[in-house]
Amino acid sequence: MKIRPYKLSQLAMGDFMLAGYSVAGEESVVVAPELDVVFDIGRCPREALAVNHLLLTHGHADHVAGLPYYFAQRDFQGIANGTALVPARLDRPLRELMSAWGRVEGHVPPHTFVPLRDGDEHAIRRGLLARAFKTRHCAGSLGYALVEVRRKLKPELADRTGPQLVELKKQGVEIENRIEVPLVAYLGDTAASNYADLPHVRDARALLVECTFFEPDHLDRARAGRHLHVVDLPAMLEGMNNERIIIIHVTRRTGVSAARKILRKALAADTLERVTFLMSSRHVGPE
Ligand SMILES: [Zn+2]
């Protein structure tokens, strides 16, 4: 028996980090500790426990199985106020799951679910929001963008004094522009769609995109499971401005190095240089 050590991959994005594990059918979870968010929960790695917001994309076990453990373990460790943003149609079944879990374990761990639909937003903290958008995978499935919201004084008011600005504000004049800076977009599982039309996805600094299948004879599997095949990627990534494009959810049927070879032939050089595989050994740090 071969024992494979379990470690999260880590990617530095400057002022925040992405750490995760993602293999199709096995587990998908991506933690952004500085942003206080976990995209999907997979089997709930230890690193997810201290993070207060779970953003769940859909109900397949490889993405959601760790949910009761997340709330139960936080309760055990005395960590309060965990919130899961969930596709609206999963709100009720997930509540039922938690109460069934309570009958199994003896009590229901504290938990909060926020049901979301396409376009809904939830404040993660002051100046940071999660925006849900619909994906093409299963009924009600969602992706999420994390958007920083900054307020900047309107340029035409730059020469006003502090007291003048206070006076304008009192009069109900809007003195600031609202600026959105998308940080991360996570598509979850999805078939091809025109995501580049969504500014919060197109302009996110980091785009996490699944590409489950790479080999020509896996195209049928991709279509049947509503997943991306490498042949879909060139069109999917057209118009994307992301600084980093991180491929997740690759099948075990194709190793990362074989997938990388196929990808090199599929994408143009200027796209390719921004693309990396989450599960690449280069992102798994030394002990
Ligand atoms: Zn799925």
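Student: What span should the 15 residues of α3 have, and how far apart are its end C-alpha atoms?

Tutor: The expected span of a helix is 1.5 Å times one less than its number of residues. For α3 that gives 21 Å, and its end C-alpha atoms are 21 Å apart, which agrees. Helices (H or I, at least four residues) and strands (E, at least two) are DSSP runs, numbered from the N terminus. This is a predicted model, in which local features need pLDDT of at least 70, side-chain atom pairs count only at pLDDT 80 or more, and totals for chains, interfaces and linings use all residues. Residues are numbered from 1 along each chain as its sequence is written.

Student: Is α3 largely buried or in the open?

Tutor: A residue is buried if 20 or more other C-beta atoms, placed from the backbone, lie within 10 Å of its own, exposed if 12 or fewer, and partly exposed in between. One of the 15 residues of α3 is buried, so α3 lies largely in the open. G106, with a positive phi near 115 degrees, follows α3.

Student: In which sense do β5 and β6 pair?

Tutor: β5 (residues 53-55) and β6 (residues 83-87) pair in the parallel sense, over three bridges. L55 has L85 of β6 as its bridge partner.

How values were computed. Pairing = 2+ DSSP bridges.
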